Amino acid sequence: MTSGCAPCLLLIMVLGCQPATRHRLRTCDSVVVGSEDSKSLVSAGSVEALHETGCNHLRSERYLQAADTYSQLVERRPQDADAHYYLGVALSKQHEKTAAVAAFEEALADAPAFVEALWSLALLYNESGDKRATAIETANRAVELAPEQAYCHFVLGFILFSHGQDGESAKALSTAIRLDESALHAHYYLGLLHQRVGDMSAAIKAFEEVIERDPQYAQAYYNLASLYSSAGRTEEGTRMASLFRQVSASRAKEDQFRVMLDQQDTDGYVHNAGTHYGLGQVYLKRGLLDRARSEFEAALAVDPKHAEAANNLGVVLSQGAEPEQAVSQFLMAIRIKPEYGLAWGNLGQSYLALGKYPLAEKSYRRAIALNEDSKATKYGLGTALIQQGKVDEGHYFRVAAGR
Amino acid sequence: MNRLQRLSAVWALGLIDACGLSQPVSPPVAKPQFVDVAREAGLTGVTVSGSREKRSILECNTGGVAILDYDGNGLLDVFVVSGMPPKDRAVEPDDARPMLYENAGGWHFESVGKSAGVSKRTWGMGATAVDYDADGWTDLYLTNQGSNRLYRNDGQKAFDDVGSQASVDLDSWSTGAAFGDYDNDGDLDVYVANYLQFDVDAAEGRRCSWRGVSVFCGPTGLPAAPDVYLQNGGPDGMWSFSDATIEAGLTSEAYYGFAALASDLDDDGDLDIYVANDTDPNLYFRNDGGHFAEISMLNATALSENGREQGGMGLAASDYDRDGDIDLFVTNFSHDNNTLYMNDGNGFFTDRSYAARLGEASLVNLGWGTGFLDHDNDGDEDLFVANGHVYPAVDEHELTTQYSQLNQLFENDGAGVFTDVSAKAGPGLKIRKSSRGTATADLDNDGDLDIVVVNIDDTPTLLRNDAERVNNWLSIELQGGAWNTQAVGARVTVTSDGHVQTKEARVGTGYLSQDSARMHFGLGKARTAERISVRWPDGRNDVVENTMSNRLVRLTQNQVGSPLGVLSVGY
């Protein structure tokens, strides 16, 4: 069984954009994940601390905890529209649709001109299946409040699309694109509308545009696969089908881990470190570094001796140009598992990036001794040696690396 | 055409017994009127599927229904599948077991499962009615969670289970089965969809969350079971089957399979296979001379229009837009639309769910059994959908969906746009149950189609079509060749009043079910079918011209030109 209209869920945004609305939504942007400050604030029990903790949970996709936090907050401050809104976000991410609708409605009761709450609510009404008119009306209110906001037009266009109101949907989606050329979902759904009316070349163009902007947009590959094939471009069609499978397999894996985490929530278990680690791996492979980082951190919070999570957190940090923090993670991984060749190699790489060549050399040599003798390791060792004036030996390792 | 045989209208009419129907006087509108007569008719066995609260995914999917003439008396009988009760659920002795109801005429059915030897309790899923051994008697294939049964009809109102002997028992969780002569060797092979590799003990008690409701887990997160293709060895192989899945190229990733269909979707003379999968892409296996290629991603039949995997349950296939090719309709999970894939005629499909007004009408419901049927004989294919949720717990939450749901009847306007006419289709469409499989047949031989619906943990619904008959009709029964007596895979095209309708002979329809083998064509105001064209499974064609309406016509392969080739029977 499927959980239904999953994409609708994705459209409900955690952070919102910066609306020119009558109500300005406080964002979670400035929150530092796991900061000591926020912990002390929480213990002090301040409203601000609860907001920050809630935001932290949302950003880390810990929706159960986020919902708990915002529930506490709305108890203390029943008029806090933002708290109701974020509670709605956390609940909808957990598929608690009815409760989410109630939370968004509360947010709007406190702040009727709350654009993000309006579009979130519109999407949920739409998803319920029997509130089409209300969904459209709610989305229209968002558009009226923030006509300059592309996302509002997209939400309206999406809802109209899902009810077969193709002409009006096309108008709304085109407006979204006019306001924001990078409005990816709008491009995609406009492509679908072209396909519906049989304008295949316009559809192809729209889907190609989507993929160019986001190579992880799996659905566009699916549409292109059949469009290319029916246009006689069979090879390209087959390639698109294969790319679809590749990209969506990664999504499927993500879903699987998420189901496992949901299940653990429902059963009241502590999240399993391995599940967070697995999910982090999925994100890392897709280049979603922030999400990967959150998952590896969550894995380490559950199991501080998870060497692979420490190593991969180091990888995320080094890719995020934070080599010093990366070094600490690799060292932690090595402390947990001294014979961990991969972590030694990564440590060498980070030292190399920091210009600490002797330490890099030592780490690389240890990695090679532990059979972590990949081309990258040899090449890195070669570079570290050359930088220290050990040119011959350096070249030897570079040649051995085949470069 | 390989062979064109024509019968003059005069010649054919000389052989036809009148049906006793008066010449139709046709009012402009036929108002649907379905009435549930299950209880009075004697369809009283309860289909039990585990606990009422549904402790695991095993308990929510049962089951199918098959229509067959098991005793060859011309009256169509009904076989209803059941699951099993858990140890702590008491059931009546006649409940929770497969039920064979013999049609005694006059809307009276007698439960004959025990005497016929088909009532042994299994965790049943689906049923198909097939003459797999070409002895002229229709056998029953029952898919189960556990070993499947092949009940061989001995022609004496009794069946023997030969599943193991014929190697079709498959100790798996089988769901849909679609029989057809896929390798064109004359006998009937079978594609069996499988659902999960399932450990009952491990699954029970595990809880997951669905929209905030605590429910059983799955199928996501549980291992899927791969589908299986079994080739019939024919008379030389003692009608035993062997696994040819890999050799035939019928491999894909293991998905959560439900309904399977054999249809010549690309109209090239061999049977393709389409499978509706739960939460996974659907599969379309194109048959190229007995070897298959999976092309659902390339011809746009794998996912929804916007590239999402759907919760495929049941499927229907017919030429709803009367353009001569077979279109597909798949029922899906709640909060998602059912999907209509229109066949573009060039090997590609277009999702027309919303354009045909079938998308929005299905959003709140969870669809299962489905079938195209011309309920009002106006000459186009209408659509029936059986609905019901899998989670009884949804009733305790405000989720805009309920466990027991209304079934739906959609009226085709002739241009391929549907209107939900359930609300004015009689009391039978006002029944709320958690429905599963469905099958259609003219059970009283009165010229309109009736519907049987299986309801989980309940008795079936038997929807008698009581609408005033204002249009003409034709029912066609095919007698196939030596090893395929049901002519499975044959394609029949009927032309009347300039309209062309196309249907196929199938074993395995809807959701794990089986419609009557008789093909029912509404003719509207036309008093004759100008032309009946049959493409038999061996590729040869026969044509019959100017057939009078309102009768059952039996067409026999290789004998259409002979005096016994066309036989019309009135009841």
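## The surroundings of A142(A)

In this predicted model, A142(A) is in contact, once its neighbours within four places in sequence are left aside, with V115(A), L118(A), W119(A), A122(A), C152(A) and V155(A). Two of these partners, A122(A) and V155(A), are listed together with A142(A) as the residues that have the most contacts inside the largest nonpolar core, a set of 228 residues.

## The nonpolar cores

The element that gives the most to this core of 228 residues is helix α9 of chain A, which spans residues 150-162 and supplies ten residues. Apart from it there is a second, separate core of 41 residues, and among its members are Y277(A), V282(A), L317(A) and A333(A).

## Chain B as a whole

Chain B contains four helices and 41 strands, and its C-alpha atoms fill a box of roughly 70 × 55 × 50 Å when this is taken along the principal axes. For a chain of 571 residues, a compact globule would have a radius of gyration near 25 Å, and the value of 22 Å for chain B agrees with that expectation.

Of the 571 residues in chain B, 64% are buried. When contacts in chain B are considered between residues at least 6 apart in sequence, 61% of them join residues at least 24 apart.

## A254(B), a residue in a loop

A254(B) lies in the loop of chain B that runs between β15 (241-243) and β16 (256-263).

Not counting residues up to four places away in sequence, A254(B) touches A224(B), A225(B) and P226(B). With A224(B) the separation is 30 residues in sequence, while the distance in space, from C-alpha to C-alpha, is 5.5 Å.

## Where chain B touches chain A

The contact between the two chains takes 41 residues from chain B and 41 residues from chain A. On the side of chain B that touches chain A, at least two residues each are supplied by β12 (207-210), β17 (272-280) and β20 (310-311) of chain B, and β12(B) gives the most, with four residues.

Sorted by class, that side of chain B has 16 nonpolar, 16 polar and nine charged residues.

Conventions:
Residues numbered from 1 in each chain as written. Chains lettered and ligands numbered in written order. Predicted model: local features only at pLDDT ≥ 70, side-chain atom pairs only at ≥ 80, totals over all residues. Contact = placed C-beta atoms within 7 Å. Nonpolar A, V, L, I, M, F, W, Y, C, P; charged D, E, K, R; others polar. Rg over C-alpha atoms; globule rule 2.2 N^0.38 Å. Buried ≥ 20, exposed ≤ 12 C-beta atoms within 10 Å, placed from the backbone. Core = buried A, V, L, I, M, F, W, Y, C linked by C-beta atoms within 7 Å.
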